[in-house]
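Visitor: I am new to this structure. Please show me how to read it, one feature at a time.

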Amino acid sequence: MTRKVSVVPHTHWDREWYAPFPALRQRLVELLDGLLPRLDADPGYARFLLDGQMAMVDDYLEVRPEALATLRRLAASGRVSVGPWYVLMDEFATSGETIVRNLQLGTRRAAEFGGAMGVGYLPDMFGHVAQMPQLLAAAGIEHAVVWRGVPAAVTRTAFWWQAPDGSKVRAEYLPTGYGNGAATPPDAAGLIRRLVAHQVEIGALLASDTDPILWMNGTDHQAPQEWLGRVVADTNATQDDFELVISSLAEHLATAPTDGLDTWAGELRSGAR
């Protein structure tokens with residue numbers, strides 16, 4: 001059986017962490033200065049995810065205001081995914097009102113770029129509040145993407161996540177984090193080895209031979225890998241165990257399986273994994 005692999009190019013962006021904000025913003029400017037013309041020049045490099053937070057867009061445009069039209073065009077066409085958050089927050093270190101306003105501000109700003117990504121992207125939080133499915137559902141968002149805090153009771157790479165009021169979203173679980181495809185090799189043979197190893201690593205969480213794999217091609221402050229389109233095409237041409245598609249998160253989730261998923265109600269604060 002051929003297993004679909006959704007390759008999602010992205011970068012994860014702490015605005016200030018091991019370096020101060022101005023230094024990391026300079027890296028962001030360099031990244032987007034390279035990415036935007038590459039998207040126009042290379043149709044094989046089809047998508048890019050700006051980490052689910054509009055702050056990246058505004059931080060860049062403060063330095064490169066002349067790039068506004070290009071970013072709007074690429075976002076409106078689906079080549080670049082923006083929002084729905086303004087920033088990626090720690091859910092337990094902020095108030096409920098702050099989380100709500102964060103989502104409101106992010107979706108409002110993303111509307112100026114053709115609309116927010118319809119995914120509650122929560123890749124790097126240290127657990128999740130019980131009301132998150134309720135907040136996402138109220139905003140018309142049907143999917144969440146999570147990493148830390150998922151309990152051992154969840155037995156697949158996706159589950160139904162239910163809030164105390166009964167609201168539910170489909171949650172995509174990243175069992176090895178948001179960088180499982182970060183170091184994608186520049187050759188087909190190397191990428192096939194990585195995919196086989198990852199398939200073995202997450203083994204029991206794949207319920208069948210046809211469960212898709214979400215291959216997150218990026219990590220902390222990682223620049224786009226310019227060979228991605230070529231190596232995906234080469235990999236598809238040299239084997240039939242995997243079918244790789246450069247995709248957005250929303251595109252991947254639109255066709256992801258929903259049958260037989262576990263349901264988890266409430267907070268995600270488990271240390272099981």
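**Reading the chain, step by step**

Guide: The protein chain has eight helices and 10 strands. Its radius of gyration is 18 Å, close to the 19 Å that the globule rule gives for 273 residues, so the chain is as compact as a globular protein of that length. That radius is taken over C-alpha atoms, and the globule rule is 2.2 Å times the number of residues to the power 0.38. Helices (H or I, at least four residues) and strands (E, at least two) are DSSP runs, numbered from the N terminus.

Visitor: What should I know about the model itself?

Guide: This is a predicted model, where local features need pLDDT of at least 70, side-chain atom pairs count only at pLDDT 80 or more, and totals for chains, interfaces and linings use all residues. Residues are numbered from 1 along each chain as its sequence is written, and side-chain values use heavy atoms, with hydrogens and water left out.

Visitor: What percentage of the residues count as buried?

Guide: Start with the term. Buried means under 20% relative accessible area, exposed over 50%, and partly exposed in between (1.4 Å probe, protein chains only). Of the 273 residues in the protein chain, 52% count as buried. The chain exposes about 11400 Å², and carbon and sulfur atoms supply 52% of that area. Accessible areas come from the Shrake-Rupley method with a 1.4 Å probe; for residues, only the protein chains shown count as cover.

Visitor: How do I read contacts?

Guide: Contact means heavy atoms within 4.5 Å. Take the contacts in the protein chain with a separation of 6 or more: residues 24 or more positions apart account for 79% of them.

Visitor: Which residues of helix α3 are buried?

Guide: Helix α3 covers residues 68-76, and Leu71, Leu74 and Ala75 are buried there. They cover an arc of only 100° around the axis, which puts them on the same side of α3. The arc is that of the directions from the helix axis to the C-beta atoms. The face turned away from the buried side carries the exposed residues Ala69 and Ala76.

Visitor: What do the buried residues of α3 pack against?

Guide: They pack against α1 (21-41), α2 (55-63) and β3 (80-81). Just after α3, Gly78 takes a positive phi of about 90°.

Visitor: Now a strand. How do its side chains point?

Guide: In a regular strand the side chains alternate between the two faces of the sheet. Look at β9, residues 242-246.

Visitor: Which strands does β5 pair with?

Guide: Two strands pair if DSSP finds at least two bridges between them. Strand β4 (residues 120-122) runs parallel to β5, joined by three bridges. Tyr121 stands opposite Val145 there. Strand β7 (residues 168-173) also pairs with β5 in the parallel sense, over four bridges. In that pairing, Ala144 stands opposite Ala171.

Visitor: How many bridges link β1 and β9?

Guide: Strand β1 (residues 3-9) pairs with β9 over five bridges, in the parallel sense. The partner of Val7 in β9 is Ile246.

Visitor: What kind of unit do β4, α5 and β5 make?

Guide: They make a right-handed β-α-β unit, with α5 at residues 132-138. A crossover is right-handed if, with the strands pointing away from the viewer, the path from the first strand over the helix to the second runs clockwise.

Visitor: What can I look for in the loops?

Guide: At 8% relative accessibility, Met89 counts as buried. Leaving aside neighbours within four places in sequence, Met89 is in contact with Thr94, Ile99, Asn102, Leu122, Met125 and Met132. Pro84 lies in the loop between β3 and α4 too. The peptide bond from Gly83 to Pro84 is cis, with omega near 15°.

Visitor: Where is Asp51, and what is its phi?

Guide: Asp51 is in the loop between β2 (48-49) and α2. Its phi is near 60°, a positive value in a residue other than glycine. Asp51 counts as buried, at 0% relative accessibility.
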